[in-house]
Amino acid sequence: MGSLYFYAGTSGTYNIAVSPMIDESIPVNTLQTTFMWRASNATSRLEVGVMTNPANASTFVPVDTIVASATSTWEGFEVAFNQYTGEGHYIAFRVAYNSSATGYGYLDSVVIDLIPSCPRPLHVTASNITTSSVDLSWDQNGNPNSWVIEYGPNGFAPGTGTEVTATTNPYTVTGLDHSTVYDFYVTADCGGGDVSQTSFVYSAATACAAIDQLPYTENFDAYGTGSTAYPLCWNKYTTYTASTSLPYINSTHYAGVGSLYFYCTSGTYNVAITPEFDATIPINTLQATFIRQAQPAHGRRRRLSSTDIPATATTSPSITETRPPAVTPTLTTCSST
């Protein structure tokens, strides 16, 4: 429902969020914290530390500084306090004005717990990406015997994906579909039934290739929303110079999460282009179905969702368009009327 918001907008300012007191029977250097952090700009830093007096900011002792790899994106982090030697019993999170830049972001899903005997894999990344494989690597403390990698289509529920056992880091995951976003989770196995917590989710897309299987469906639901969101392996073009990001995925939708948003003025147009179809599939054997909303009535703003190109078309190409009354069909081109 919510998250903790930090904002330090002028020189010398900062915010500190302080946990309840950790009982003296629990040494702070046996603890770790995990959390989700979303930085709002590239210069924002989240300091994680310990305080002896929650009412006195000068008692804050930093243990680690979190630097996000991207802005406006939730990322999972873990900080251990095993190197802390002070007497504080409060875990604290601090965001400060950074040099000449505002520091601000969001903190969520904070967990404070004992440092486990089998550490969690962290900072999962992918490299050497092909149409059917990725090389996964991760940071790992301790000496696990092996790891379990679970993966599936973007958004799948952990426990329902495909699992493989890795004995090396990096490890090559094979047998993937091209042009597809996958989520990956890594769990360390330290032997004797001692397994780690699962890594934070990591998402990666396989390389693009021509569509060779039908039906092809795109619901515009797996990429987020906003001016930088666009479906994987699609191309686009616009002559509307006031917003060169058009078309993009908008949060208005017929079903699911988003739809493809078009906007143009007189004499301009937007074009959304699907991935290439394999040469073994003649274009004149295909049809496309989709849901479209024109807004307002003259149809200059358009949203497209749920594009489906079925395998069963047996007639010449056709387009079925749902539109408001009195709108002349166009190819996402704006008229002056």
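This is a predicted model: local features need pLDDT of at least 70, side-chain atom pairs count only at pLDDT 80 or more; totals for chains, interfaces and linings use all residues.
User: Before we start, when do two strands count as a pair?

Analyst: Two strands pair if DSSP finds at least two bridges between them.

User: How many bridges join β2 to β7?

Analyst: Five bridges join them, and the two strands run antiparallel. β7 covers residues 90-96.

User: Step back a bit. How many helices and strands are in the chain?

Analyst: The chain has 22 strands and zero helices.

User: And what share of the residues is buried?

Analyst: Of the 337 residues in the chain, 38% are buried. The accessible surface comes to about 17600 Å², and carbon and sulfur atoms hold 51% of that area.

User: What share of the contacts joins residues 24 or more positions apart?

Analyst: Taking contacts with a separation of 6 or more, 68% of them are between residues 24 or more positions apart.

User: Back to sheets. What order do β9, β10 and β13 come in?

Analyst: These three strands form an open sheet in the order β9-β10-β13, again with antiparallel pairing. β9 (122-127) and β13 (171-173) each have a single partner strand, so one side of each has no neighbour in the sheet. Neighbouring strands are turned by 30 degrees against each other on average, ignoring direction.

User: What holds strands of a sheet together in general?

Analyst: Strands of a sheet pair through backbone hydrogen bonds, in a parallel or an antiparallel way.

User: OK, how many bridges are there between β9 and β10?

Analyst: Four bridges, with β10 spanning residues 134-139. Leu 122 is opposite Asp 139 in β10, and Ser 127 has Asp 135 as its bridge partner.

User: What sits between the two strands of that hairpin?

Analyst: Six residues lie between the strands, and in this hairpin Asn 128 takes a positive phi near 50 degrees.

User: What about Ser 117, buried or exposed?

Analyst: Ser 117 has a relative accessible area of 62%, and exposed means over 50%, so it counts as exposed. Ser 117 sits in the loop between β8 (103-114) and β9.

User: What does its side chain contact?

Analyst: The Ser 117 side chain makes a polar contact with the side chain of Asp 194, at 2.7 Å. Ser 117 and Asp 194 are 77 residues apart in sequence and 7.7 Å apart between C-alpha atoms.

User: New topic, aromatics. How many aromatic pairs are there?

Analyst: The count comes to 16 aromatic pairs. One of them is Phe 156 with Tyr 185, an edge-to-face pair with 5.8 Å between the centres and 80 degrees between the planes.

User: Which parts does that pair tie together?

Analyst: Phe 156 is in the loop between β11 (146-153) and β12 (162-166), while Tyr 185 is in strand β14 (residues 181-189), so the pair ties together parts 29 residues apart in sequence. Phe 156 and Tyr 185 are both buried.

User: How is the pair of Tyr 182 and Phe 184 arranged?

Analyst: Tyr 182 and Phe 184 form a tilted pair, 6.3 Å centre to centre with 40 degrees between the planes. Tyr 182 and Phe 184 are buried.

User: Which rings are linked into a cluster?

Analyst: Tyr 5, Tyr 7, Tyr 104 and Tyr 106 are, through ring pairs.

Key: Residues are numbered from 1 along each chain as its sequence is written. Side-chain values use heavy atoms; hydrogens and water are left out. Axes are lines fitted to C-alpha atoms, for helices over the stretch in contact, and angles run from 0 to 180 degrees between N-to-C directions. Buried means under 20% relative accessible area, exposed over 50%, partly exposed in between (1.4 Å probe, protein chains only). Contact means heavy atoms within 4.5 Å. Accessible areas come from the Shrake-Rupley method with a 1.4 Å probe; for residues, only the protein chains shown count as cover. Rings of Phe, Tyr and Trp (its six-membered ring) pair if their centres lie within 6.5 Å; planes under 30 degrees apart count as stacked, over 60 as edge-to-face and the rest as tilted. A polar contact is a pair of N or O atoms within 3.5 Å; within protein, one must be able to donate a hydrogen and the other to accept it, and residues adjacent in sequence count only if both atoms are side-chain atoms.
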